[in-house]
Amino acid sequence: MTRHALAEREALCDTLERVGPDAATLCGTWTTAQLLAHLIVREGRPDQAAGILAPPLAGRTEKAMARLLADHDYPTLVERLRQGPPRWHPTSVPAVDEKANLVEMFVHHEDVLRAGLGAPRRSLSPEMISALGDRLNLMAKVLFRRTRGADIELVTAKRRTRVGSGSGPLVEIHGRPGEILLFGFGRQAVAEVELTGPPEAVEIVRTTRYGL
């Protein structure tokens with residue numbers, strides 16, 4: 001089994017080491033240090049990570065992140081992320097890690113890379129592109145569930161995935177799987193995709209606030 005999630009974790013950690021703790025990211029106002037703390041709390045302290053998906057609990061998660069940054073230096077935290085989840089965590093099982101963490105690591109890696117103006121785009125292997133395509137196919141309905149007034153068809157080199165009721169105007173999103181994933185996670189401004197369809201429907205899709 002090829003462990004794309006593990007490889008992407010390693011690549012992200014290499015980038016975090018290279019850019020340092022104060023670099024910008026595409027996660028709002030977060031620096032790379034704050035993004036790193038988010039990733040560690042997410043998989044190491046599920047009791048404190050609920051605020052990632054539940055806004056009323058966001059304060060608890062932010063406090064956990066702040067404590068982590070206060071108690072540990074940046075290189076130590078990068079190495080902690082590199083080592084992976086605790087042994088008791090479900091994602092310590094390679095097959096679970098692949099399903100749960102590949103997209104997480106990919107999107108946040110691009111959050112760091114693309115926040116740097118003029119950063120060159122990575123050349124992903126065909127196997128990595130295929131793995132991201134599989135995840136996109138499974139996540140499509142969740143990622144694009146907020147679309148109102150249009151149906152969506154995701155178009156990559158290998159497949160078409162339809163999302164919507166079938167009753168609205170159709171907008172096609174063309175691109176590589178990783179780029180469409182970035183679009184679906186709310187990174188529309190940096191995702192290299194092409195939208196085709198009726199102009200009003202395209203505008204709906206372009207401006208909808210996507211993400212989990």
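Predicted model: local features only at pLDDT ≥ 70, side-chain atom pairs only at ≥ 80, totals over all residues.
S3, residues 170–174, runs antiparallel to S4 and is joined to S4 by three bridges; Glu172 has Thr196 in S4 as its bridge partner.

Before going on, residues are numbered from 1 along each chain as its sequence is written. Local features need pLDDT of at least 70, side-chain atom pairs count only at pLDDT 80 or more, totals for chains, interfaces and linings use all residues, and side-chain values use heavy atoms, with hydrogens and water left out.

Turning to the helices, H5 and H6 pack at an angle of about 105°, their axes being 10 Å apart; axes are lines fitted to C-alpha atoms, for helices over the stretch in contact, and angles run from 0 to 180 degrees between N-to-C directions. H5 is therefore roughly perpendicular to H6, a label for angles of 65 to 115 degrees, whereas under 35 counts as roughly parallel, over 145 as roughly antiparallel and the rest as oblique. In contact, meaning heavy atoms within 4.5 Å, Glu98, Lys99, Leu102, Val103 and Phe106 of H5 meet Met128, Ala131, Leu132, Arg135 and Met139 of H6.

Finally, H6, residues 126–143, has a kink of about 40° centred on Asn137, the bend at a residue being the angle between axes fitted to the seven residues ending there and the seven starting there.

Methods: Helix = DSSP H or I, 4+ residues; strand = E, 2+ residues; numbered from the N terminus. Pairing = 2+ DSSP bridges.
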